[in-house]
Amino acid sequence: MAKAGQPLTINVKGIEIAAQAWGNPQGQPVLALHGWLDNSASYSWLAPALTELADDYYLVAVDLPGHGLSGHWPEHHHYHLWAGVEDIEHIADALGWERFHLLGHSMGAAMSVLYGGCFSSRLLSLALIEAIGPMAGSVGEVPERLADAITKMKQHHPSQRRHKNKELFVQARMAGMIKLKRPAAEAIIERSIEQNSLGYAWRNDKRVMLPSMMRLPEDVVQAFLSKITVPTWGLYASDGLITESMLSPRWQCIPAAKSLHWMSGGHHLHMEGDVAAIAQNLMGFWQGLNA
């Protein structure tokens with residue numbers, strides 16, 4: 001069952017980062033990162049299931065910059081996955097955490113891989129759901145991709161169209177590129193829209209929809225994976241976005257102890273799948289680290 005967490009606000013690099021927390025503040029810290037166009041509400045099922053299994057964990061899920069209730073970067077700032085490495089570092093500093101477990105879904109898992117490759121010494125473990133690093137690109141495509149990103153940024157205007165009907169936003173997430181069922185869509189939308197006298201509008205920064213200026217080549221992504229030195233847990237969906245052939249070469253690059261799992265469900269299986277089973281599996285992984 002979905003359950004909202006305790007609201008938190010963190011200041012990172014001059015903007016406010018909204019977050020939700022579940023569990024015991026004195027417990028082992030877990031930082032949870034959501035996927036593209038989602039927000040911390042995506043953990044409203046898994047986080048309470050985890051913290052109900054054990055009372056010595058404290059899970060903080062953030063709305064990443066440009067998403068949910070968090071602030072947006074200044075104009076002309078691009079959103080890069082590799083910039084998320086610095087964001088994670090500042091968030092952990094702001095929370096006062098020396099070491100922590102890192103949990104990411106989709107885009108959040110891609111950022112988590114990059115962070116793990118840079119700062120494994122700060123992690124207790126790494127848990128990845130439905131991603132294992134960012135999408136790779138070829139060196140040859142870099143000039144065209146950079147030109148396209150700059151051109152689209154020049155056309156960007158921050159204003160958002162407003163609608164009288166909140167249901168339109170729920171329907172948009174249910175019919176989107178990655179479709180959500182109604183309960184999940186409604187939970188995400190609660191933190192993704194704002195209301196004034198003229199109606200509802202997206203809170204998300206429109207720039208998160210723009211193409212990235214560059215995709216890291218596959219050998220660079222694998223270099224990050226090869227530097228992960230903490231136990232790593234992975235969960236992938238039978239009907240998700242990651243296939244075994246896509247996963248295997250990267251998974252083999254991680255030199256640390258690994259725990260890989262496939263479960264029935266789609267890309268958002270941590271919201272819409274067998275959440276109790278996922279929580280049991282992940283908690284078993286964490287508790288096994290202390291055995």
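Start by selecting helix H1 (residues 46-53) and the residues around it. The buried residues of H1 pack against S2, S4, S5, S6, helix H9 (269-272) and helix H10 (275-289). Those buried residues are Leu46, Ala47, Pro48, Ala49, Leu50 and Thr51, so six of the eight residues of H1 are buried and the helix is mostly covered. Here buried means under 20% relative accessible area, exposed means over 50%, and partly exposed is in between, with a 1.4 Å probe and protein chains only as cover. Contact, here and below, means heavy atoms within 4.5 Å. Helices (H or I, at least four residues) and strands (E, at least two) are DSSP runs, numbered from the N terminus.

A word on what you have open: this is a predicted model, where local features need pLDDT of at least 70, side-chain atom pairs count only at pLDDT 80 or more, and totals for chains, interfaces and linings use all residues. Residues are numbered from 1 along each chain as its sequence is written, and side-chain values use heavy atoms, with hydrogens and water left out.

H1 lies across S2, S4, strand S5 (100-105) and strand S6 (123-129), and runs at about 45° to S2. For such angles, axes are lines fitted to C-alpha atoms, for helices over the stretch in contact, and the angles run from 0 to 180 degrees between N-to-C directions.

**The sheet**

Now show all the strands of the sheet. It is an open sheet of eight strands with mixed pairing, in the order S1-S2-S4-S3-S5-S6-S9-S10. At its edges are strand S1 (6-12) and strand S10 (258-263), each of which pairs on one side only. From one strand to the next, the twist averages 20°. Two strands count as paired if DSSP finds at least two bridges between them. Strands of a sheet pair through backbone hydrogen bonds, either parallel or antiparallel.

Select strand S2 (residues 15-23) together with strand S4 (residues 57-62): they pair in the antiparallel sense over five bridges. Look for glycine 23, which stands opposite tyrosine 58 in S4.

Then move along to strand S9 (residues 232-237), which is mostly covered, with six of its six residues buried. Which of its residues point one way, and which the other? Thr232, Gly234 and Tyr236 point one way, while Trp233, Leu235 and Ala237 point the other way, and all are buried. In a regular strand the side chains alternate between the two faces of the sheet.

S6 and S9 run parallel and are joined by four bridges; leucine 128 has glycine 234 in S9 as its bridge partner. S9 and S10 pair in the parallel sense over six bridges, and tyrosine 236 has tryptophan 262 in S10 as its bridge partner.

**Residues in the interior**

Select leucine 102 in strand S5. Is this residue buried or exposed? Leucine 102 counts as buried, at 1% relative accessibility. Leaving aside neighbours within four places in sequence, leucine 102 is in contact with Leu31, Leu33, Ser112, Tyr115, Leu123, Ser125, Leu126 and Ala127.

Follow that list to serine 112, in helix H3. Serine 112 is buried, with a relative accessible area of 0%. Not counting residues up to four places away in sequence, serine 112 touches Leu33, Leu102, Leu103, Gly104, Leu126 and Leu128.

Draw a distance next: serine 192 and serine 112 are 80 residues apart in sequence and 22 Å apart in space, C-alpha to C-alpha. Serine 192 lies in helix H6 (residues 182-192) and is buried, with a relative accessible area of 1%. Its contacts, leaving aside neighbours within four places in sequence, are Leu37, Asn39, Ala201, Trp202, Arg203 and Asn204.

**Two loops**

Select serine 106, in the loop between S5 and helix H3 (107-119). Its phi is near 55°, a positive value in a residue other than glycine, and serine 106 is buried at 16% relative accessible area. Then go to lysine 13, in the loop between S1 and S2. The phi of lysine 13 is near 50°, again positive in a residue other than glycine, and lysine 13 is partly exposed, with a relative accessible area of 35%.
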